[in-house]
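Below is a short note for a colleague who is opening this entry for the first time. Please read the points with the structure beside them.

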There are 2 protein chains.
Amino acid sequence: MMTPERTVGRLSLYRRLLVAMRNRGTRHVFSHELASAAGVTAAQVRRDMMTVGCSGSPARGYDVPELIEHIGLFLDADEPEAVALVGVGNIGRAMMAYFEGRRPKLKMVAAFDQDGSKTNRVVHGCRCYPIEDMASVVDDRGIRVAMVAVPAEAAQDVADVLVRAGVRGLLNFAPVAIRVPEHVYVEDIDVTTSLEKVAFFARQKRAHKVSVS
Amino acid sequence: MMTPERTVGRLSLYRRLLVAMRNRGTRHVFSHELASAAGVTAAQVRRDMMTVGCSGSPARGYDVPELIEHIGLFLDADEPEAVALVGVGNIGRAMMAYFEGRRPKLKMVAAFDQDGSKTNRVVHGCRCYPIEDMASVVDDRGIRVAMVAVPAEAAQDVADVLVRAGVRGLLNFAPVAIRVPEHVYVEDIDVTTSLEKVAFFARQKRAHKVSVS
């Protein structure tokens, strides 16, 4: 049975919250405490923890290091997962810097750009190649996960090349729907749309507030 | 009546796709063409366009510049919206660079950080202030929209200060659920969770593929 997307997202979030707790010296956590930080119900936390094979004690809650380990066994590959980045612009560079050393199980191993001034060098520990080398590098290195951070017009072509070269999961920052075969998973992050939504609803809430006062 | 979140998100995406089409010299577009680029149905596009008061012609489709204008009248404030950024790390700096001059209706006017080496200077056209000045600057300038790009542990405190100072919409990059009063809108972007999901499902799809072959 395929694990639902939302479960995977919550487990990833729990883990980061738990690591932060552990780093502050917290050894045990109750489901309602983790639920509050994650913005879900305590019952949801308990169900998710059963998915990874953990149960808490009524008196002390869950053991934090044990939870972190079990979530890792469930979510992570045995070996570090090699990730490619296409598009070394503002978003792409931020992703390289952000992920450098942060998640040992996700390693950005190759970046690609069509701008020659950005290629044939190492940025944040990641080698940048000309875009023409994308198919061969992805294929040679067996890369299965890629981030697409190119303009909307280029995103579909880039995705097509990546999928043909063996990529099975795409994180897409381009503001366009990428079409992929059924055996490929796509997750979209669109910061402009998100910020425009925030600005729109912030205004509506102001208007609403004024109208009722 | 409150416009649904998804409608606002789609309108924002349509606009970016339409601007790209206009820049390539496209004058008219059929609903099914815009639908294909946005990853929705043609019927959905037609409904959304009715929301902004546009109808297409059966023979030629929609007028691209007219659509862009109508979506702008619907989505944008009359005046540019001032946006604050809290946290001038990798993600925060990328957002400053990304939004610089990109959306004339969303202007990043102030950034805040607790690291003194990042403050009292101008980065990507945006003044960076010490975190202690956040409440007064947000209040003085009437800022109603903010991006939160601080570590998870600091996000709730930052949000509390912003909301007390008058912020009504938050774009949250911290991997934690922020609690806000009902009159505040929050949108979350969590790149680590998104990438972990992509890696997880890319692996599942591989496993599935192997098991059926």
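1. In chain B, 7 strands form an open sheet with mixed pairing, in the order 5-6-4-3-7-8-9; strands are DSSP runs (E, at least two residues) and helices likewise (H or I, at least four), numbered from the N terminus, and two strands pair if DSSP finds at least two bridges between them. Strand 5 (121–123) and strand 9 (185–188) of chain B stand at the edges with a single partner strand each, so one side of each is left without a neighbour in the sheet.

2. This is a predicted model, in which local features need pLDDT of at least 70 and side-chain atom pairs count only at pLDDT 80 or more, while totals for chains, interfaces and linings use all residues. Residues are numbered from 1 along each chain as its sequence is written, and chains are lettered from A and ligands numbered from 1 in the order in which they are written.

3. Within the sheet, strand 4 (residues 106–113) and strand 6 (residues 126–130) of chain B run parallel and are joined by 4 bridges, and F112(B) has Y129(B) of strand 6 as its bridge partner.

4. Helix 2 (residues 31–38) and helix 3 (residues 42–51) of chain B pack at an angle of about 105°, with axes 8 Å apart; axes are lines fitted to C-alpha atoms, for helices over the stretch in contact, and angles run from 0 to 180 degrees between N-to-C directions. Contact here requires C-beta atoms, placed from the backbone, to lie within 7 Å, and the residues that meet include L34(B) of helix 2 and V45(B) of helix 3.

Methods:
Two residues are in contact if their C-beta atoms, placed from the backbone, lie within 7 Å.
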